[in-house]
Structure formats: C-alpha cells, structure tokens
Amino acid sequence: MNWQNAIITRIETLSPRVKSFFFRRPEPFSFRPGQHVLLRLTAPDGYRAQRSYSIASAPGLGTAEELELAIERFDDGEVSPFMHDVAQVEDEIEIGGPIGGHFNWSPEDGGPVLFIGGGSGVAPFMSMLRHRAAIVSQVPVVLVFSARLREDLLFFDELSKLAASGDGFSLMVALTREAGAHPFRAGRIDTEFIAGIVGAMKMPVRQVMICGSHPFVETAAEGTIAAGIDPAIIKTERYGATDVQAEVRRLAGALKR
Ligand SMILES: Cc1cc2nc3c(=O)[nH]c(=O)nc-3n(C[C@H](O)[C@H](O)[C@H](O)COP(=O)(O)OP(=O)(O)OC[C@H]3O[C@@H](n4cnc5c(N)ncnc54)[C@H](O)[C@@H]3O)c2cc1C
C-alpha cells in the first residue's frame, strides 16, 4: 500500500450528516472513477483506525491534484466523527491507495449504464459522472439516487445541471422519508420502479452498479434482478459493517453494559 500524508485544503458541508473533504497530496496519483482510498488515523498511544472512502472527484486527465471524499457522520463511529468534529483545514491525514479494481466505470467501458446510489453511496458515481462530463461523453447513464430527505440529496444542484445538459444523463430521485410536495418518488426503490426505468432505457442496459449501505445494496440488487436484469451485469459496493460485524459490535456493547 502506498501511504502519504495528505493536507486538508477545504471542508464543505453537503448535508446535515455529510461533509466533503478536499485533500492535496504531496504525491498525486492517477485513479479510475469508482476507486477508493483508505484514511488512517493514529492516536498518540499508537492506536490506529482506518476506513475506506470512495473518491468523489474526477480523475482529471493526469494525476488529479485535489481529491474529494464525501464522508457521512455516524455518531457511534470512530473515523467519521473525528473527521466531522476534529479535523480542520491544514491538518495532515494519512491516505493510502488508490484501491479497487472492480467497482469502476469510465465512458470507454460503454453503456447504457444504470447507477443506483443510496445516501453517501452516490460518491463513486460523482467521480464517474464528473469524468464523463469532463471528456464530453454522451454514453447513456441513468442515476437513481435514494436519500432519506430532500436535505440529504448530496450534490443535487450539480447533478441537476448535468441532467439538464441533454447529453444522455438522467437523474431519478427517491426520497424514503419525505412524502410531502416534491417532484420525486416517495418511498423506497422497488422492483416496479427499477423495471420502469430499465424499460424506458432505449437500448438494453449493459451494466448496473449499486452502491450504499449493506441493506440498501441488498434491496436494490434484489429489485434489479426481479426487474429482469441479468445478475452477471450487476456490480455492487457495500459501505459499513456487515450484519455479522454489526451484531458482534452490538453484543460487545451489551457485554460492556
Ligand atoms: C469501498 C468502500 C468505500 C466507502 N466509501 C465511503 C464514502 O465515500 N463515504 C462514506 O461516508 N462512507 C464510505 N464508506 C464507509 C466507511 O468506510 C466507514 O464504514 C464509515 O465512515 C463509518 O466509519 P466509522 O469509523 O465512523 O464508524 P464505525 O466505527 O466503523 O461504525 C459505527 C457504526 O456505524 C455503522 N455504519 C458504518 N457505516 C455505515 C453505513 N454506510 N451505513 C449504515 N451504517 C453504517 C456500523 O455498523 C456501526 O454500527 C466506504 C466503505 C467501503 C467499504
């Protein structure tokens, strides 16, 4: 693993629970849209914690200067609360990578493609869509973005502008916990919703990519398969603990009490 101390240059609030952190790296590296990096924190007593974060920025044409990571805060977490509450501009943070050769897509891989992102799981799709826009590609892409509330729709203005440009990119939004007056789907993504989107795509979908928490990816993948998509063309990226890991944490917490 290639580690280096990156410097935080900017911090932007994207939603009540997500902030974007921009890093300058002494040794810039090239990456594929969809790859992630590791953030490694070391306490004064030597205790270390590291977590994966998808790169949200586009790779640029060479070795991109600035790296953007969109980090969601989990109150009971180790790394994300530190980033949200303690990390500041000019701080040095250890970054390792880039990693991940599976969950990648570039316009040269072809389309049409269907991206399905839940919450901060939209991050790798931002890298892919920003890269697609930067190289003026017209490969058809649909992004289905599921969030809890309107305020949780990360990058919404940028995504709306991309969708309005008429270059073959469409955005579909589902809000799971906001039923009021809004132009989006109210409720979770289900088979019927995915089948409708796939049916409206002019050519057969070539690739489906799903990213988000474990339960979100599970549900979206099941819905996609039930909508008639061949599982062989579905790629997934799962954030957070598996059910087993979550259960171990819960039991450890109960034992402490
Ligand atoms: C390849 C990959 C890319 C990732 N990219 C991103 C990214 O771009 N942005 C981002 O915010 N996170 C991303 N994650 C998740 C990230 O690595 C951490 O899991 C997350 O930041 C929580 O770390 P923590 O130390 O704060 O919490 P932890 O101490 O690891 O966990 C705290 C609690 O939160 C739960 N939890 C953690 N993450 C999630 C989640 N996503 N959904 C639901 N429950 C969760 C855990 O089960 C646990 O109960 C990615 C994960 C992977 C594997």
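**Exercises on the ligand and its pocket**

An oxygen atom of the ligand is 2.8 Å from a polar backbone atom of Glu72, a polar contact (N or O atoms within 3.5 Å). The model is predicted, with local features requiring pLDDT of at least 70 and side-chain atom pairs pLDDT 80 or more, while totals for chains, interfaces and linings use all residues. Residues are numbered from 1 along each chain as its sequence is written, and side-chain values use heavy atoms, without hydrogens or water.

**Exercise 1.** Identify the residues that come nearest to the ligand.

*Solution.* Step two: a polar side-chain atom of Arg51 is found 2.8 Å from an oxygen atom of the ligand. For Ala70, a polar backbone atom lies 2.8 Å from a nitrogen atom of the ligand. Step three: the ligand alone exposes 910 Å², and the protein buries 85% of that area (Shrake-Rupley, 1.4 Å probe).

**Exercise 2.** Locate the largest pocket relative to the two domains.

*Solution.* Step one: the largest pocket holds about 1600 Å³ of space (probe spheres set on joined grid points). A pocket is an open set of points on a 1 Å grid over the protein atoms alone, where a 1.4 Å probe fits, with protein on both sides within 12 Å along at least five of seven lines; lining residues have an atom within 4 Å of a point. Step two: of its 45 lining residues, Glu72, Phe74, Ser213, Tyr239 and Gly240 are the closest to the centre. Step three: the elements that each supply at least two lining residues include strand 4 (48-54), strand 5 (66-72), helix 1 (79-85) and helix 6 (243-256) (DSSP runs: helices at least four residues, strands at least two). Step four: the pocket lies between domain 1 (3-99) and domain 2 (107-256), because both give residues to its lining.

**Exercise 3.** Find where in the fold Pro98, Pro112 and Val136 lie, and describe the backbone at each.

*Solution.* Step one: most peptide bonds are trans, and most residues other than glycine have a negative phi. Step two: Gly97 and Pro98 are joined by a cis peptide bond with omega near 10°, and Pro98 belongs to strand 6 (residues 92-99). Step three: the bond from Gly111 to Pro112 is also cis, its omega being about 0°. Pro112 sits in the loop between strand 6 and strand 7 (113-118). Step four: Val136, although not a glycine, has a positive phi of about 55°. Val136 is placed in the loop between helix 2 (123-134) and strand 8.

How values were computed. Domains from an automatic or database assignment. Near = heavy atom within 4 Å. Polar contact = N/O pair within 3.5 Å; in protein donor to acceptor, adjacent residues only side chain to side chain.
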